Amino acid sequence: MWHPWAKSTASPNKNFSCSSFKDIQHLCKDETEAQIPKKSSIFHRVRIATAVLRSWSAQAAQQEESYEASALEEPFTPSEPLISIPGAETRIVVYLTSLRVVRSTFEDCRAVRSILRGFRVSMDERDLAMDSRFLEELQGILGQTKLTLPRVFIRGRYIGGAEEIKHLNEIGELKQFIEGLPAAEAGVCDMCGGYRFILCHECNGSHKCYSEKDETVGFRSCTGCNENGLVRCPSCSSMPV
């Protein structure tokens, strides 16, 4: 016969009640979730990143505003050492190119020329595409062999290139440099049509002359014009310095 069940003397836990195995699984799951910390959601991380980016943007905007304010307060001073062209105190001298080989250079030259022409003052445009001697001239003035165009001189004083002219024009100081210069003549030159160059009368633009002097008979290079057979217009262009 089976032995009768002995009555347990241990008092049952009043706080614990379990009606099925499902309740046991629920309790184990709650304990596991309580031990493992929850990771932040993707939306929370996105909100944090957005807040950081906004703060960086605000700081960058404040720095840019302070830089612009200081640029407006402090007058622009051309780079040292001082470089000047003697004999050009009453006009603007611009070294540029009309060739479209390098698009950025051509755009800079066109922009600077448009800005300076807007003031309608006397301006000497020296196009390196029309006469290569302008390049040697500019290299001698600046003391550099590798140059970028355009280069601007106002009242004989070197101001800078495209970035400097655009900056001066934006802050309104370019007008102060140009004030008092003689006004440009209205209309287009009747002799050169605004190109500032005409054909050489000695070689008719061929840059070659036939010679029968001395012992050398034949063609020689014309000494009165440039490699393109052109000379500067005596009516509207200033002579090279």
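**Close-up views of a predicted model**

The structure holds 4 aromatic pairs, where rings of Phe, Tyr and Trp (its six-membered ring) pair if their centres lie within 6.5 Å, and planes under 30 degrees apart count as stacked, over 60 as edge-to-face and the rest as tilted. This is a predicted model, in which local features need pLDDT of at least 70 and side-chain atom pairs count only at pLDDT 80 or more, while totals for chains, interfaces and linings use all residues. Residues are numbered from 1 along each chain as its sequence is written, and side-chain values use heavy atoms, with hydrogens and water left out.

**View 1. An aromatic pair formed by Tyr95 and Phe153.** The ring centres of Tyr95 and Phe153 are 6.0 Å apart and their planes stand at 75 degrees, so the pair is edge-to-face. The pair links distant parts of the chain, with Tyr95 in strand β1 (residues 92-96) and Phe153 in strand β3 (residues 151-154), 58 residues apart; helices (H or I, at least four residues) and strands (E, at least two) are DSSP runs, numbered from the N terminus. Tyr95 and Phe153 are both buried, where buried means under 20% relative accessible area, exposed over 50% and partly exposed in between (1.4 Å probe, protein chains only). Ring pairs link Tyr95, Phe153 and Tyr158 into a cluster.

**View 2. Helix α3 and its buried residues.** The 15 residues of α3 should span 21 Å at 1.5 Å a residue, and the end C-alpha atoms are 21 Å apart, which agrees; the expected span of a helix is 1.5 Å times one less than its number of residues. Phe106, Cys109, Val112, Ile115 and Leu116 are buried in α3. These buried residues of α3 pack against β1, β2, β3, α5 (162-171) and α6 (174-178), contact meaning heavy atoms within 4.5 Å.

**View 3. Leu174 in helix α6.** Leu174 counts as buried, because its relative accessibility is 0%. Leaving aside neighbours within four places in sequence, Leu174 is in contact with Ile115, Leu116, Phe119, Ile154, Ile165, Leu168 and Asn169. Leu174 and Ile154 are 20 residues apart in sequence and 9.7 Å apart in space, C-alpha to C-alpha.

**View 4. The largest pocket and its lining.** The volume of the largest pocket is about 1000 Å³. On a 1 Å grid over the protein atoms alone, a pocket is an open set of points where a 1.4 Å probe fits, with protein on both sides within 12 Å along at least five of seven lines, and lining residues have an atom within 4 Å of a point; grid points are joined across faces, edges and corners, and a volume is the space filled by probe spheres set on the points. The lining has 31 residues, of which Arg117, Met123, Glu125, Gly187 and Arg196 lie nearest the centre of the pocket. The elements that give two or more residues to this lining are α3 (103-117) and β2 (123-127), and the largest share, 4 residues, comes from β2.

**View 5. Backbone geometry at Pro150, Arg155 and Arg196.** The peptide bond from Leu149 to Pro150 is cis, with omega near 5 degrees, and Pro150 lies in the loop between α4 (133-142) and β3. Arg155, in the loop between β3 and β4 (157-160), has a positive phi near 60 degrees. Phi of Arg196 is also positive, near 70 degrees, and Arg196 is placed in the loop between α6 and β5 (197-199).
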